[in-house]
Amino acid sequence: MTSAPATSTEALSEPELAHARPVLAILALAVGGFTIGTTEFMTMGVLPEVAEGVDVSVPTAGHIISAYALGVVVGVPILAFFGAALPRRGMLVGLMGVYAVFNILSAAAPSYEVLTAARFLDGLPHGAYFGVASLVAASLVTPERRGRAVASVMLGLSVANVVGVPLATFLGQQVGWRSTYLLGGLLALATVAMVLAVVPSVPGDPEASGRKEAREFFGSLQVWLTMAVGAVGFGGMFAVYSYIAKTVTEVGGLERGTVPFFVLALGLGMVVGTWLAGELAAWSVFRSLILSGATGIVLMLVYYAAAPHGWLLLPVAFLVTATGSVLVVNLQLRLMDVAGGAVTLGAAMNHAALNIANALGAWLGGLVIAAGHGYRAPALVGAGLAAIGVAILLVSAVTHRRASVAAAPA
């Protein structure tokens with residue numbers, strides 16, 4: 001397969017690199033990822049308490065999760081459009097400051113309507129933060145280490161599923177659901193302080209404009225193909241993740257008390273997969289995408305077969321999220337590669353695509369369950385979505401090769 005061209009992300013000079021203290025700077029950026037990951041997923045753990053607190057049913061309260069995801073999708077192109085030329089450290093501080101404000105507003109929301117609006121607004125900075133943080137992290141290290149640097153930022157999101165979300169859920173159940181959003185606000189403010197303290201000043205592109213970036217980015221076939229891989233191919237993980245509790249109890253025949261062990265396995269899989277993604281990216285970003293997609297197809301079929309066998313499903317669940325995390329990190333790098341000069345938009349749009357995958361996977365999984373095929377049927381949906389993702393990657397490789405041949409001198 002033909003690898004993507006080198007990223008256009010500008011690197012810091014040697015004196016700046018020495019001053020930057022890359023490890024501490026990347027740690028600060030990862031804390032922001034931890035903050036966002038904790039805040040995004042903790043709502044699911046306290047949804048019954050939220051529903052009771054704002055006097056609506058649990059299914060209705062679930063719409064606040066959708067509102068956040070919609071905010072992510074809407075916020076990425078808007079913020080990247082207007083922020084292409086802005087200094088990147090300042091943009092990170094601004095994005096996380098806004099994140100703190102709307103988390104605190106969520107904690108104080110007097111009604112369901114206000115809470116829904118606050119969750120939508122809180123989703124707006126999500127993708128743009130990860131996009132800009134990835135660019136900054138990549139600029140702090142040598143080119144061969146940029147995959148590991150981006151993976152380290154994303155690792156904060158994975159660790160949140162192992163540590164932050166369970167702790168926030170426990171806090172919400174013991175103290176009240178509002179305390180979870182207050183925690184999110186405090187974590188965001190801590191991130192602001194860390195970014196100001198240890199992340200060096202990284203300029204934006206003074207020649208960039210939102211209109212220029214959007215035209216270059218959305219005019220690229222490779223961009224659309226890469227985003228399609230994220231929006232479709234990654235949907236399989238959400239198809240099974242969304243229904244893990246019922247799969248464990250109703251299909252696997254285990255007690256309800258065993259479900260947290262499976263949730264923990266999913267979270268640990270994300271951590272290991274994110275670390276592995278950085279190592280594989282140093283080998284080849286595009287081949288890593290193909291490998292993770294093909295492995296995902298097999299694992300979804302194994303998941304379907306293992307589901308009735310109780311604890312046998314545990315290691316499979318771990319491998320599903322580990323493989324999915326390899327896909328996520330390398331998609332991030334791939335979009336940064338194919339975005340050309342629109343690096344801010346390219347680094348951020350991956351998260352819009354992944355939130356579409358979230359909605360698509362959960363929706364299609366629900367459809368097959370409602371059709372009477374049972375709670376392990378979403379795994380077959382996941383296998384199909386992963387297969388489509390691999391097919392799109394192969395189309396991307398073919399079109400890239402043809403474009404390269406056409407552009408080569410006679």
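This is a predicted model: local features need pLDDT of at least 70, side-chain atom pairs count only at pLDDT 80 or more; totals for chains, interfaces and linings use all residues.
Helices here are DSSP runs of H or I with at least four residues, numbered from the N terminus.

- Asn330 is buried, with a relative accessible area of 0%. (Buried means under 20% relative accessible area, exposed means over 50%, and partly exposed is in between, using a 1.4 Å probe and protein chains only.)
- A polar atom of the Asn330 side chain lies 3.0 Å from the backbone oxygen of Val326. (A polar contact is a pair of N or O atoms within 3.5 Å; within protein, one must be able to donate a hydrogen and the other to accept it, and residues adjacent in sequence count only if both atoms are side-chain atoms.)
- Not counting residues up to four places away in sequence, Asn330 touches Ala277, Ala281, Val285, Ser288 and Leu289. (Contact means heavy atoms within 4.5 Å.)

- Thr323 lies in helix H16 and counts as buried, at 12% relative accessibility.
- The side chain of Thr323 reaches the backbone oxygen of Leu319 at 2.9 Å.
- Leaving aside neighbours within four places in sequence, Thr323 is in contact with Ser292, Thr295, Gly296 and Leu299.
- Ser292 is found in helix H15, and at 6% relative accessibility Ser292 counts as buried.
- Setting aside residues up to four places away in sequence, Ser292 touches Thr323, Val326 and Leu327.
- Ser292 and Asn330 are 38 residues apart along the chain, and their C-alpha atoms are separated by 9.5 Å.

**Helix H13 and its buried side**

- Helix H13 spans residues 244-251, and its residues Ile244, Thr247 and Val248 are buried.
- These three cover an arc of only 95 degrees around the axis, which puts them on the same side of H13. (The arc is that of the directions from the helix axis to the C-beta atoms.)
- The partners that the buried residues of H13 pack against are helix H12 (235-241), helix H14 (259-283), helix H15 (285-306) and helix H16 (313-338).
- After H13 comes Gly253, whose phi is positive, near 70 degrees.

**Salt bridges**

- How many salt bridges does a search of the whole structure find? The search finds three. (A salt bridge is a side-chain nitrogen of Lys or Arg within 4 Å of a carboxyl oxygen of Asp or Glu.)
- Arg119 and Asp122 meet through their side chains in a salt bridge, at 3.1 Å from N to O. Both residues lie in helix H7 (residues 112-139), three residues apart, which is about one turn of the helix.
- Arg119 counts as buried at 1% relative accessibility, and Asp122 is buried with a relative accessible area of 0%.
- Glu279 forms a salt bridge with Arg148, and their closest N and O atoms are 3.1 Å apart. Glu279 lies in helix H14 and Arg148 in helix H8 (residues 146-175), so this pair ties together parts that are 131 residues apart in sequence.
- Glu279 is partly exposed, with a relative accessible area of 31%, and Arg148 counts as partly exposed at 27% relative accessibility.
- Glu250 forms a salt bridge with Lys246, with the closest N and O atoms 3.2 Å apart. Both lie in helix H13, four residues apart, or about one turn of the helix.
- Lys246 is partly exposed, with a relative accessible area of 40%.

**A nonpolar patch on the surface**

- Ile104, Leu182, Leu186 and Leu189 form a nonpolar patch on the surface, and together they have about 340 Å² of accessible area. (Patches are made of residues with over 30% relative accessible area and no salt bridge; like charges are joined within 9 Å, and nonpolar side chains, meaning Val, Leu, Ile, Met, Phe, Trp and Tyr, within 5 Å. Accessible areas come from the Shrake-Rupley method with a 1.4 Å probe, and for residues only the protein chains shown count as cover.)
- Helix H9 (residues 177-198) gives the most to this patch, with three residues.
- Ile104 has its place in helix H6 (residues 88-108) and counts as partly exposed, at 37% relative accessibility.

Note on methods:
Residues are numbered from 1 along each chain as its sequence is written. Side-chain values use heavy atoms; hydrogens and water are left out. Helices (H or I, at least four residues) and strands (E, at least two) are DSSP runs, numbered from the N terminus.
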